[in-house]
Amino acid sequence: MAQAMNDLNAFMDNQEKKTVDASKKVRIGIIGCGWIAGSHVRRLLKLPDAEIVAACDLVPGKAKALMDEWGIEGVKTDYASHKEMIDDKSLNLDCVTVCTYNCQHKDPTVYALKNGLHVLLEKPFTVTLDEAVEIMRAEKESGKILSIGFQPRLDANMKMIKKIVDSGALGKIYYIQTGGGRRRGIPTPFGTSFIAKDTGGIGALGDIGCYSLDMVLNAIGYPKPLTVSGYTSNFFGTDPNYSNYVKTGHPEYAKAFEVDDFAAAFVRLEGGIILDFRIAWAMNLDTPGDTIIMGTKGSLRIPSTECWNGTVGGPMSIYHEVCGEQTRTEIPIIPQKEDVFELKMRSFLDAVKYGGTAPVPSSQILYNQAIIDGIAKSSALGREIEIEIPEI
Ligand SMILES: NC(=O)c1ccc[n+]([C@@H]2O[C@H](COP(=O)([O-])OP(=O)(O)OC[C@H]3O[C@@H](n4cnc5c(N)ncnc54)[C@H](O)[C@@H]3O)[C@@H](O)[C@H]2O)c1
């Protein structure tokens with residue numbers, strides 16, 4: 001135990017902040033000024049080398065209101081679309097952060113890349129696999145950095161999952177169960193952008209399912225997905241008596257609900273690995289189960305969180321044999337010193353500034369998106385399908 005605590009302390013010390021060269025600023029434009037844009041602004045204000053020079057939103061006045069809320073002066077906001085902002089060469093932008101709803105991830109990202117800008121794109125990557133492929137072709141042609149906004153990856157406990165797998169302690173991985181969910185958690189606090197087909201595009205499957213998939217796929221090195229048998233449903237979202245609609249006085253959201261609120265799938269991955277997945281925005285259950293990674297030498301149990309957002313819900317356990325005895329080793333929760341949302345912005349800025357690679361590369365998240373796309377397609381067809389990923 002003492003050794004474990006020493007290792008933990010050493011790990012924490014390695015999490016020190018780097019010194020930032022504030023003389024060279026990164027010029028940033030924000031596309032889409034809703035909730036997550038507020039989170040970007042809040043963190044960028046803490047970074048001495050970040051300069052927000054422009055922001056835009058399809059809703060007139062929304063970009064200015066966000067800048068006013070954070071007291072940022074001198075930011076140009078009088079643009080009717082992302083195109084107008086990107087076309088304004090007087091801004092000398094280095095990069096943009098794409099904070100639009102899911103169905104507007106592709107267009108601004110492709111346009112920004114084609115105009116020579118680095119992009120931090122919020123999760124999920126896209127709605128469909130084809131959109132992800134189109135973005136990656138633009139990325140390849142441009143040579144610019146594209147990073148996807150998966151901040152849970154930067155959490156010390158999430159990093160520990162990967163360290164455990166990489167250490168070989170689990171042996172060969174052959175079966176994974178992942179997912180999570182909320183009893184009542186359809187995201188409608190700011191209206192219908194997550195639940196309408198033409199804005200959200202996909203529901204729980206993409207919104208929080210992408211995190212569950214990243215938790216395990218990143219840990220095992222993102223093997224290629226081969227086949228998927230998927231299921232989606234929408235029993236809660238389409239019910240006007242869904243308790244949160246009633247509580248908030250919005251039974252009309254039931255009619256606006258056009259996506260999934262639950263998804264499940266059985267996925268075959270390259271290397272003979274099976275992935276069993278389920279995710280819910282709403283269900284009559286506390287959790288659809290912990291995440292488990294089963295291997296020939298050991299298995300890892302990762303407790304689920306109550307309100308799933310892609311993090312570790314409690315101390316993890318490795319089940320293995322020591323000297324022939326069946327043993328359980330507990331991995332204590334590592335206190336996360338730094339704000340993962342700030343680390344997400346910092347790591348992207350560092351890549352832009354020093355010519356690094358994307359902190360969360362599209363080449364990995366392509367497989368995440370291929371599974372999401374495969375689940376939606378398989379569910380619509382009512383049978384297992386092969387996952388075909390076009391050449392980039
Ligand atoms: N990383 C995270 O933890 C996290 C958390 C919440 C949301 N998100 C993701 O961020 C995205 C946005 O979520 P949100 O809650 O801010 O949504 P939102 O609906 O509150 O805001 C999106 C905004 O984008 C604007 N917009 C859409 N298309 C545009 C375009 N082409 N040009 C300019 N503006 C445009 C809309 O008018 C809207 O104001 C979603 O994809 C969501 O999944 C990520």
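Two residues count as in contact when their C-beta atoms, placed from the backbone, lie within 7 Å. Keep that in mind as you look through these close-ups of a predicted model.

**View 1. I52 and the residues it touches.** Leaving aside residues up to four places away in sequence, I52 is in contact with I28, I30, V41, L44, I72 and V75. Two of these names, I28 and I52, come back in the next view, among the residues with the most contacts inside the largest nonpolar core.

**View 2. The largest nonpolar core.** This core is made up of 113 residues, and A55, C95, V96 and V119 join I28 and I52 as those with the most contacts inside it. Helix α13 (residues 362-381) supplies the largest share of the core, eight residues. Both domain 1 (12-152 + 341-359) and domain 2 (153-337 + 370-380) give at least three residues to this core. In soluble globular proteins, nonpolar side chains tend to be buried together.

**View 3. The shell around the ligand.** Here the ligand is surrounded by 27 residues, the closest being G32, G34, Q104, E122 and S193. By type, the shell holds 12 nonpolar, 10 polar and five charged residues. Helix α2 (residues 35-44) provides the largest share, three residues. Domain 1 and domain 2 each contribute at least three residues to the shell.

View 4. Across the protein the average pLDDT is 94, and 95% of the residues score at least 70. Residues 1-16, however, stay under 50, and the model gives them eight contacts beyond four places in sequence. Where pLDDT is low, the predicted coordinates should not be read in detail.

Notes: Residues numbered from 1 in each chain as written. Predicted model: local features only at pLDDT ≥ 70, side-chain atom pairs only at ≥ 80, totals over all residues. pLDDT = per-residue confidence, 0-100. Near = placed C-beta within 6 Å. Helix = DSSP H or I, 4+ residues; strand = E, 2+ residues; numbered from the N terminus. Nonpolar A, V, L, I, M, F, W, Y, C, P; charged D, E, K, R; others polar. Domains from an automatic or database assignment. Core = buried A, V, L, I, M, F, W, Y, C linked by C-beta atoms within 7 Å. Buried ≥ 20, exposed ≤ 12 C-beta atoms within 10 Å, placed from the backbone.
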